[in-house]
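Have the sequence and the model open beside you.

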Amino acid sequence: MKDTFVGDLLKPKALGNPTAMRQTFAEYRWEFVIAVMLVLAAVWATTLSPYYLSLDQLLFSSRNLVFTGIMTLGLAFIILTGEMDLSLPSILAVCTVSLAKASQANLPLPVALAGITVIALMMSAFNGFLVAKLRLPALPVTLGTMGAYRGVAFIIGSNVGYTGFNNTYKWLGTATVGTSPLPVMLLVLVGCVAIFWVLMHYTTFGRRCFAIGNNSAAVTYSGINVARTKIGTYMLGGLTAAMGAWIFIGQFGSSRGDNANGVLLGMITAVVLGGVDINGGRGKVLGVLLSMLFIWTLRNGMGLANIAGPIEQLIIGVLLVTGVLVSNLTTRGNWRPRTRKKVIAGPSAP
Amino acid sequence: MKRGLAILAVLVVVASVATAAPLRIFMNPKFTGLSYFQRCALGAGDAAKLLGVQFTYTGSEQPDVQLQVQALENIVSQKADAIICSAIDLNASAPPLRTARSKGIKVVTYDADSAVDSRDFFCNQMDYESAARAELDCALLDSPEGGEIAFIAATPTSPNHMAHFNIASQLVKTDPKYKSLKIVALQFDNDDEAQSVQVATNLMQAFPKLKVIISSATPTVPGACRAIEELGKQGQVFATGVALPSTIKQYLKDGSQKAFFIWDPYWLGYMSMYVAKDAVDGTLKAVPGSKVDCGKAGQFVVGKDGEIVYGKALFFTPENIDQYNF
Amino acid sequence: MIANTNSALARRISTTLSRNTLRLRVFSVLLSLAAMLAVFALTTTNFLTLQNLKVIAFNASLLTMVACGESIVVITRNLDVSVGSIIGFSGFITAMFAAAHPHAGPLIIVVAVGIGFVLGLVNGTIVAYGRVPSIVATLGTLSIFRGFTYIVGKGVELPSSYLPRWMTNGAEATVLGVPFVVLVALLVVLAMAFISRRFPIMRRVYAVGSNPGAAVFYGLRANRVVLFAYAACGALVGFAAFFYISRVGTISVILGHDWELMALASVVLGGVATTGGSGSIIGVLFGALMLSTIDNGLVLAHAQEYWRMFIQGFAIVGAIALDAGIERRIMAIFRNQRV
């Protein structure tokens, strides 16, 4: 991993030094492409609908970006280590219906939030345990827990749809900064992006995740507890789901067992298009942020042009597949094993 | 000179009003794919053409509350003049409608109501009690000696289905005409026909003495008929309720079913477009007793809480089913 | 000393175990199925009636066909979550075709299978030749196929009266009291078992799933095998779609969604390891039967339907854990044997 960051660009030395600048641009090639596509998408959205390009509209619709975006950041971390977690939206649903129960019992907001944090951490830690400690294949296992947790969400919340939240619960999802149309939750998203940026690129935890994604055997032999780090990423994902749940009930004012049922495709597309290698070991938060904005822009534009849902999904699906295809084609030089079966035979190899 | 200018000014204002951009009215159903809603849209579209309104039919293709909320928010961002909406959930679909009203957009619900403070008018196809009575009457037609009956609704918060069920439960206890009927179950199928086949099968298995399955949801009734056919229980168990004639014609013809009812969704949509336009123009106020003229659909009177009842039910039996082709 | 005298016995046990792992796994599935039947028979009424067993079999039959297709893909160590969308697209187009050509007869089945086959080819190409990980590829094609269904169908739904009468009647036909669809499902399972025994293609599928690297060195065209797996899955799913639309009534754009989890659950419950390379078709049949039994039993026990989702999910997790555990045990025995 080359050690160049955007911050290096700002150093006076780099600005004058063409080699350093070329190096940085080469490192950020994928993010640059996504940024260009984001601009193109914005232009396209403007042509699709005359209502798109207005600050009010953009801020209003940015609310759709937030709860999915926060979970996407958590998912990016998990994918970085070479694993996967398909159950994050289901964990969000369990949290929203738990908040409904808490609201019914008139619990004060901090207690309710503490409660769903614990629930989310437990569920995601269970996922982490299955994947990291028992070394089960992440994909089908989290597909299973996705269904199981969805079932839990329905068992707790059924399909009744609770809408009687009191206003303190709904605050985060509805508040705006003063009298401006800027939603507070957008600032929360910005904060999360900043936190995850630092976490991934400037902390040892982030470094370890990159290392595990690249070669987890080597990391184990160098003495780092891989299982603990992986469970840590899963629990981080659970935290993002809990946060997303709080924002969700404010934004929609209701909770039901099927909340966040269709967001998984968008999340995985955002992560993959953001330059995070699906097998782990590569990626940047900047890329994930840009691709989140890209997909949001497309969805916003298409929604304002009254384009049907399945067509939107089709376009996102095409983006997902071509994104990975293109990424595969452009990294021909670095051959990486595509399927990595967990080595079950050895007692020490992870 | 001054008078000339004044007349000119008046003419300019009149001309600008006359050539003003047409009203933009959006229709948002529970989900776009259902034939019932598409027929409503047909009616609304024809009415829109007559009234010179620009009409857009938009929404999600699945009956998902989140998707409906997002679709409604998109309509609000497009600065519609009015929204005609069939709400999936009485309260959960309400917030964007309230936002719409706060921005001066008129909200008219049809088929399924949302919270009273989130809409200006509600075009109800049949008032809830008449609909519940119609369902129980059909059940008696199917099974004159009464017996166990079960209801299938979309979700526990579907406004009209649950209203029908609650009133029916009351009637069964209080009205001597329906004394022989006993409600044993209420199940949900999320307006999904494939699921309704499953739910109906489950009901017949869990309650072997079941006589009639009733539903207010148009995807459900044909599914229940199918389930009866599959289990070979024609003549022992009946399905009835609200259904489009084309979907249950075959069951009336082959004798396995006896009675259904519905209102023509075409006129419901037609009427709601007139109501929406009058609401935007300001000529219709939500005062009980106000009259509204809906052209070919008829004339109606506003009731309590802005509810306007269409009320013209059609009953289908094997004798008259051929007259209807929708 | 003790190790020496016991090593001969240990060797014999380990050889028998390794030879019979497959049978062991299937046997355990059968045991769980029997246990479940017993539990439900005791706790609910009307469970063991012929009528009820027929319903279980009927519901399991479509699931079996789809799960058989999915299992081929899983054996190659891939996943296919787009089966629901393949059912939707294939079913919708077939319904439109059947409505337009009611006298085409068996050609309608060919159309259904053909469309499924083509969609499977698309999946397989993206996964094998595009080197896109299967979850990403099939998650993408899930949306793409659903989008195509919407475009072609223009968002309208087709009432079942559009379908020729012989299709809708055939879905309920019985032969000697056994529903026709059940017989078809059994036929599919038997055909697959026959093909695995007589033709080397299934052996190659197992080889590629068991150790893709070694398979290539052995001379197998792994890409082609994976392509075949996805295409076969698509074809089987298309075949199932034909019966599904005959049964379901109104065909809408959202036809078939939510089948992914059920198919995977049947496959995993039936002993097909998601790490690839092992599993049997009979196991898949029992897995589908188990799921159908759970569903039916829960209904008769008047339990909430949401428990079904919960149980399905946990069943997948449990089955995967069990499989991994068994595999590790066997590997440990092998290692000890060599020592």
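How far is the sulfur of B:Cys225 from the closest cysteine sulfur? The sulfur of B:Cys225 is 12 Å from the one in B:Cys138, which is too far for a bond.

Before going further, a word on the ground rules. This is a predicted model, in which local features need pLDDT of at least 70 and side-chain atom pairs count only at pLDDT 80 or more, while totals for chains, interfaces and linings use all residues. Residues are numbered from 1 along each chain as its sequence is written, chains are lettered from A and ligands numbered from 1 in the order in which they are written, and side-chain values use heavy atoms, with hydrogens and water left out.

## Cysteines and a covered helix

A disulfide is a covalent bond between the sulfur atoms of two cysteines. Here it is counted as a pair of cysteine sulfur atoms within 2.5 Å, and over all chains the structure holds zero of them. In chain A, the sulfur of A:Cys209 has its closest cysteine sulfur in A:Cys192, 17 Å away and too far for a bond. A:Cys209 is also buried, with a relative accessible area of 0%; buried means under 20%, exposed over 50%, and partly exposed in between, using a 1.4 Å probe and protein chains only.

B:Cys225 is buried too, at 2% relative accessible area. B:Cys225 belongs to helix 8 of chain B, which spans residues 220-230 and has eleven of its eleven residues buried. Just after helix 8 of chain B, B:Gly232 takes a positive phi of about 70 degrees.

The size of an interface is often given as the accessible area lost when the parts come together. In the table, contact means heavy atoms within 4.5 Å, and buried area is the accessible area (1.4 Å probe) that two parts lose on being put together, summed over both.

| Chains | Residues in contact | Buried area | On carbon and sulfur |
|---|---|---|---|
| A and C | 46 of chain A, 44 of chain C | about 4,100 Å² | 77% |
| A and B | 24 of chain A, 23 of chain B | about 2,000 Å² | 50% |

Take chains A and C to begin with. The count between them is zero salt bridges, a salt bridge being a side-chain nitrogen of Lys or Arg within 4 Å of a carboxyl oxygen of Asp or Glu. Four residue pairs are in polar contact, both at pLDDT 80 or more; this needs a pair of N or O atoms within 3.5 Å, and within protein one must be able to donate a hydrogen and the other to accept it, with residues adjacent in sequence counting only if both atoms are side-chain atoms. On the side of chain A that touches chain C, two or more residues come from each of helix 7 (109-133), helix 8 (138-157), helix 13 (264-273) and helix 15 (309-330). Helix 8 of chain A gives the most, with 14 residues.

Now for chains A and B. One salt bridge crosses this interface: A:Arg63 pairs with B:Glu73, their closest N and O atoms being 3.4 Å apart. Seven residue pairs are in polar contact, both at pLDDT 80 or more. Helix 5 of chain A supplies the largest share of the side that touches chain B, five residues.

Key
Helix = DSSP H or I, 4+ residues; strand = E, 2+ residues; numbered from the N terminus.
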